[in-house]
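Student: Could you take a close look at one part of this structure for me, the packing inside it, and then show how the rest connects to that?

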Amino acid sequence: MNIKAWTVFIRLSGCLAGLLMSLLFPVQTTAAEKEDELFSAFRQQMVEQQLKRRGIADIRVLQVMNEIPRHVFVPDAYRWNAYDDTPLPIGHGQTISQPYMVAIMTELISPRTQMRVLEVGTGSGYQAAVLSRLVDQVYSIEIIPPLAIAARKLLTELDYPNLQLKQGDGYFGWPEAAPFDAILVTAAAPTVPPPLLQQLKEGGLMVIPVGSPFRVQQLLLIEKRDGELISNSLMPVRFVPLRRGP
Amino acid sequence: MNRLLAALSLLSAAIIAFQLALMRILAIIQWDHFAALCISVALLGFGASGTLLALWRRWFLNHSEILLPSLMLGSGLSMALVVPISQSIAGGFDTSLLFIDSRQLWLLLLTQGLLLIPMLLGALAIGLCFMRQVEKIGLLYGANLLGSALGGPLALLIMVGLLPQQLPAACGLVALLGGLMLLDNKRALTAGMLPLLAILLLLLAPPALRPSQYKSLSYALALPQANLLATHPSSEGLLQLVEAPAMRYNAELGLHFQGQLPQQRLLLVNGDQAASLPAGTRKELGRLLNQTPAALPYRLGPRSRVLILGSDLAGPTALALENHAESVVSVLPHAALLRQLSTALSWLDSARVSVLHTEAQQPRTFLARTSQRYNLIQLPPVGSFGGNAGLTALIQQPMLTIEGLASAWQHLTEDGILQVSSWLDAPPRNPLRLTATLVAMLQQAGVSDPAQHLVAMRSWNRLTLLVKRSPFRASEVETVLKFCAANRFDPTLLPGRSEVLPSHYHRLANSQLLPLLERILAAESPALEADYPFRLAPPTDDRPFFSQFLRWQHLSRLPELLELRSIPFLELGYLVLWVTFVQLVLMALLLILTPLFKLGWRGGRLCSCGYFAGLGIGFMFFEMALLQQLVRYLGHPLYAAAAAISTLLFFSGLGSYWSGRLPVKYVQLRKLLMGLVLLLLLYPFVLSPLLSATIHLQLPSRALVAVLICALPAFLMGGPFPLGLRHQARRQESLVPWAWGINGCLSVVATPLAAIIAVEAGFFTLMLLAALAYSGALLSSTFFR
């Protein structure tokens with residue numbers, strides 16, 4: 001059975017199970033609680049079907065993605081698609097990345113608790129939220145003012161104290177907070193910005209989707225070793241092509 | 001009668017102009033492939049009109065006096081209204097969201113339905129004219145075709161003077177004028193003033209177009225402090241100049257580069273990036289680009305004469321001037337873009353006076369007409385402009401064929417270098433096919449060991465290939481190695497090394513590319529082509545679709561091959577064409593078969609259907625095959641296409657008018673069709689040599705040759721349809737609108753079918769099949785005996 005069919009099957013099973021449980025054990029639950037339960041089931045299914053099956057093995061990454069409510073990071077119109085195996089539009093020509101992309105990019109930097117990570121392209125804030133549960137400090141930059149405002153409001157409400165967000169041009173990075181153990185660029189870039197490479201710590205890693213805008217990009221993992229930069233071309237991806245002039 | 005002919009011509013011109021205007025608008029708010037998808041369905045309005053006229057023939061005829069002008073007025077008014085309406089419903093369709101948001105499917109169907117309305121109303125008016133006076137069909141069909149012939153030039157004219165959002169109203173006005181001409185009494189004329197006022201209002205104050213949020217223009221304007229500096233409508237597209245502090249020039253620099261990338265302005269055509277205008281002086285840009293792979297040819301020796309084909313103008317010119325080029329020729333098939341570039345970059349304009357020469361024509365045409373040789377010929381990166389895997393896979397790329405690359409090779413000096421690069425994709429396709437095409441070109445040019453003439457290196461995103469006219473020397477190979485080391489590029493193919501070099505700076509997770517390159521160099525291309533899941537065979541002029549990689553036998557493996565994660569559009573371009581075709585076939589079948597429930601199934605229906613279907617298919621096949629050759633011959637894609645189509649329609653109109661004088665005798669019809677079939681069988685064999693022999697002529701002479709080429713077959717193709725209708729009317733008049741519908745349906749279905757045949761079998765076969773389609777009509781015509 002393909003993933004789509006599994007999705008439908010598990011959703012239906014979840015609904016039926018929920019219905020059966022509510023009939024067998026009637027308890028006073030609010031609509032919001034029921035919704036949360038459903039989203040929780042979808043989230044678990046996302047982790048099992050989309051992440052584990054495709055080889056995401058970092059237990060902490062899987063655990064965090066199983067906990068963070070992705071549906072609050074997507075527009076209301078797409079809430080019920082939040083755990084689908086797809087990126088979703090969040091307005092202003094931007095998207096929240098597909099769950100697998102969030103997981104693989106996070107896993108690639110081998111997150112550890114003492115790390116300081118820069119994210120370029122906050123979007124709705126989901127990737128930053130995932131990172132903030134895994135590393136010591138997260139700095140996130142969003143260039144589109146309305147998105148930056150909305151993400152700041154949401155992340156403040158959800159309480160991510162080790163996450164700092166600013167509106168600005170990600171090309172310049174965050175020199176005041178540099179150097180970083182890892183840098184994640186979460187929107188397709190036609191080139192690798194030199195200031196970001198300079199803000200990467202010795203031994204640091206950068207994950208960036210680069211390539212022809214409006215086409216399929218390559219996910220690059222750039223390592224800084226002995227002052228030299230080595231790029232590893234990992235896989236084809238399709239990100240929303242953004243921000244830098246092509 | 002004269003008023004009717006004039007009104008019919010105006011309506012026909014308006015419909016063609018509206019079709020072209022829609023193509024422009026849909027390309028601006030979405031993309032070209034969406035435009036083709038919508039318009040092909042909208043054109044089924046012609047088929048649908050035949051069905052409606054056949055089903056309610058009597059009613060239409062009884063009310064034709066009032067219906068005819070009303071339909072024309074309605075067609076004109078709906079032309080002006082459908083675009084604003086479709087944009088205002090739920091923000092309009094967005095093709096980028098089709099795979100994510102299920103509402104988009106309904107919006108797509110709604111958009112197609114809305115666009116169908118003006119076509120349907122217009123086609124109903126035309127069909128009704130034919131149905132009322134079948135005996136004068138030659139004259140009426142002639143007026144229809146002559147009007148259609150005027151539609152192309154009319155569209156080009158209004159595209160220069162008006163903004164895209166004004167175009168539908170302008171077309172609507174022309175159709176409306178046709179309707180007003182047919183109104184006799186004062187009351188009706190007064191009523192006709194209301195749509196006129198509405199159209200004038202939409203012409204003078206049209207609602208702004210709302211491009212997809214995923215268009216380059218939308219991205220650029222979403223950036224802080226972004227400014228739309230200029231908007232220039234042109235017949236070649238809507239040109240817009242945008243600046244934003246956050247936009248920076250994308251140079252292919254090594255990762256060790258420590259400086260700042262210059263800011264840039266963007267020049268967009270129809271909302272998509274067409275050219276970069278980097279800030280700073282020419283010298284600063286030249287120095288920056290000296291650290292990119294594009295600079296390698298200059299390190300290998302002086303390049304005094306440089307030819308830049310179809311590429312971004314600013315960067316390669318700055319690099320050439322920085323490296324002391326004495327003459328730089330830039331060829332771009334987009335005159336308006338060239339003008340804007342020259343005016344927007346002052347140093348480019350001043351360079352034009354002394355060193356730089358620009359030519360607005362197809363690179364292939366330029367190469368075919370010049371005898372000049374160059375030290376360096378640069379092609380644009382494969383996959384960056386017009387054509388890559390995915391939805392643009394069906395774009396013809398005549399420079400990226402064996403013949404196209406050979407034409408560049410022939411214009412190299414003895415130490416001249418041809419440079420071209422390709423984006424690295426995974427699984428590898430573009431770099432492999434590019435290398436295979438270059439190797440095939442070298443083999444055909446008589447080079448015994450192509451590896452001695454090839455150098456390749458890799459950056460983090462591209463493979464750059466250099467092909468030298470003479471074999472690379474050992475000292476040059478050393479220079480390549482030094483250049484790569486200094487700029488952190490990985491040398492990949494070097495003469496004298498049978499194996500592909502290992503990666504140092506840029507590792508490939510997908511290790512297929514390097515061994516596959518080795519196989520291509522080892523002349524194993526045919527074997528590789530046989531077992532590789534994507535098409536890698538070098539494209540030829542007959543099948544110039546470089547970016548079409550899809551192979552049917554591996555379709556089911558696509559998700560696995562592409563490691564499908566979030567790439568819904570990859571490799572779907574050709575599939576979209578098939579989906580369009582199947583959708584059209586189903587709708588055409590419905591439209592053709594429905595009237596038979598009323599008209600009956602017996603009495604030679606199959607022969608009638610075969611006859612009018614053959615004419616529709618034959619005309620479209622011939623037109624598309626001819627266009628492919630004439631665009632390259634004349635050099636200006638848009639004008640060549642418009643001129644060729646208009647010429648075909650004009651002479652077909654004359655042919656139709658002439659056919660009105662022929663008696664309704666089967667022998668006449670048979671003679672006409674036999675002559676046409678013989679001529680069309682001859683064309684595939686004589687056309688190419690004729691065009692090659694005369695391509696050196698000046699443009700007016702070539703235009704005359706093109707007109708002569710079009711004239712005779714077009715004249716003959718104009719006759720069989722009206723003659724057939726007259727035969728049909730004599731046998732059973734009630735089938736006339738049905739026949740008109742069949743012709744309309746099949747003309748529409750034939751368009752994607754022609755593209756499929758061109759991809760699978762080539763344009764030569766397509767032209768032969770045009771003759772075959774007319775042969776089918778000839779066979780079916782025995783029914784009229």
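**Inside the core**

Tutor: Let's start with B:F612: leaving out residues up to four places away in sequence, B:F612 touches B:F721, B:G724, B:L725, B:Q728, B:A739, B:I742, B:N743 and B:F784. Keep in mind that this is a predicted model. B:F612 belongs to the largest nonpolar core, which has 169 residues, and is one of the members that touch the most others, along with B:F130, B:F622, B:L626, B:W738 and B:Y774. Helix α25 of chain B, residues 605-634, supplies the largest share of that core, with 17 residues. There's also a second, separate core of 69 residues, including A:L62, A:M105, A:Y126 and A:A128.

Still on burial, have a look at helix α14 of chain B (residues 335-344): seven of its 10 residues are buried, so the rest of the structure largely encloses it. The buried ones are B:A336, B:L337, B:L338, B:Q340, B:L341, B:S342 and B:A344.

Now for the sheet. Eight strands form an open sheet with mixed pairing, in the order β5(A)-β4(A)-β3(A)-β6(A)-β7(A)-β8(A)-β9(A)-β13(B). From one strand to the next, the twist averages 15°. Within the sheet, β6 (residues 180-185) and β7 (residues 200-210) of chain A run parallel and are joined by four bridges, with A:F180 opposite A:L200 in β7(A). Finally, helix α6 of chain A (residues 145-158) lies across β4 (137-142) and β5 of chain A, at about 160° to β5(A).

Conventions: Residues numbered from 1 in each chain as written. Chains lettered and ligands numbered in written order. Predicted model: local features only at pLDDT ≥ 70, side-chain atom pairs only at ≥ 80, totals over all residues. Heavy atoms only, no water. Pairing = 2+ DSSP bridges. Helix = DSSP H or I, 4+ residues; strand = E, 2+ residues; numbered from the N terminus. Axes fitted to C-alpha atoms, helices over the stretch in contact; angles between N-to-C directions. Contact = heavy atoms within 4.5 Å. Buried < 20%, exposed > 50% of the residue type's maximum accessible area, 1.4 Å probe, protein only. Core = buried A, V, L, I, M, F, W, Y, C linked by side-chain atoms within 4.5 Å.
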